Amino acid sequence: MRDVPVSIIAQAVKELFLDANFNACPDLVESLRSARDREISETGKEVLDMIIENDEIAAREQVAICQDTGLAILFVELGQEVHLTGGALGDAVDEGVRAAYGEGYLRTSVVDDPVFDRRNTGSNTPAIIYTDIVPGEHIRLTGMAKGFGSENMSALGMLRPSAGARGVVDFVVETIRKAGPNPCPPTVVGVGIGGTADRAMVVAKKATARTIGSHNADERYAAMEAEILDRANRLGIGPGGLGGRITSLWVNVEYLPTHIAGLPVAVNICCHAVRHAERVI
């Protein structure tokens with residue numbers, strides 16, 4: 001059994017969300033540059049040039065990539081041989097988020113209730129936390145600063161099993177088409193298939209953080225990723241929604257076992273910033 005003070009988690013969370021908001025991931029930077037070379041629209045090329053320059057400035061000056069610095073979402077893989085000491089996990093996560101958004105001069109975007117008062121909490125807390133208990137004595141933290149221009153384009157389809165692979169692909173591509181320019185393309189698209197309605201949505205969101213250029217280990221789902229990406233990039237939405245070839249940079253599909261009577265399909269779209277970072281404790 002390994003003792004881990006929650007103060008270490010708070011510090012890691014702070015560093016993680018500063019990193020996510022200031023520094024574009026290397027795989028994203030490479031993908032944007034490749035997209036610029038492949039884009040056929042002159043306007044699209046200009047948009048991609050501006051995105052690349054923006055990311056370079058943000059990293060150099062350590063300022064936010066985007067004014068919407070996102071809702072703080074944290075995926076925690078907690079080793080079952082870890083004993084947390086000195087407080088509660090949730091409190092430590094919120095402490096780290098509060099410190100990151102305060103010290104980093106990041107916009108706070110959380111309201112205390114979604115319908116009536118909608119008062120800003122002033123700290124970008126509480127964070128959204130998903131926890132999985134895994135073997136071992138380490139803690140893996142994956143933080144995501146999720147803006148709502150893209151989050152608002154999420155979709156869930158409770159398809160019939162008879163829809164099959166064709167139905168899944170059609171649903172995802174139609175979701176991207178409906179989203180149009182709203183999620184600030186070029187996008188990364190996460191797809192969760194199976195499980196239950198709620199679980200599919202979580203898996204889709206986490207899939208957006210998978211490395212751009214990686215593929216599902218099952219070649220059938222990898223082929224599905226490739227087909228969705230190809231069809232998405234034939235929609236003509238393009239960078240910034242101003243037309244062109246590159247509407248999406250990558251599509252990541254993950255799947256879960258599900259009930260014989262169902263085929264849940266969740267789509268989570270991420271803007272071109274794809275802000276996430278990871279720490280292992």
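Predicted model: local features only at pLDDT ≥ 70, side-chain atom pairs only at ≥ 80, totals over all residues.
Y130 forms an aromatic pair with F75, and the two rings are stacked, lying 5.2 Å apart from centre to centre with 20° between their planes. Because F75 belongs to strand β2 (residues 71-79) and Y130 to strand β4 (residues 128-134), this pair ties together parts of the chain that are 55 residues apart in sequence.

A search of the whole structure finds 3 aromatic pairs. One of them is formed by F17 and Y101, whose rings are tilted, with 6.4 Å between the centres and an angle of 50° between the planes. This pair links distant parts of the chain, since F17 sits in helix α1 (residues 6-22) and Y101 in helix α4 (residues 89-103), 84 residues apart.

F17 counts as buried at 0% relative accessibility, and Y101 likewise counts as buried, at 2%.

S31 is part of helix α2, which covers residues 26-38. With a relative accessible area of 10%, S31 is buried, because the term applies to values under 20%.

When neighbours within four places in sequence are left aside, the residues in contact with S31 are R38, I212 and L249.

Notes. Residues numbered from 1 in each chain as written. Heavy atoms only, no water. Helix = DSSP H or I, 4+ residues; strand = E, 2+ residues; numbered from the N terminus. Buried < 20%, exposed > 50% of the residue type's maximum accessible area, 1.4 Å probe, protein only. Contact = heavy atoms within 4.5 Å. Phe/Tyr/Trp six-rings, centres within 6.5 Å; stacked < 30°, edge-to-face > 60°.
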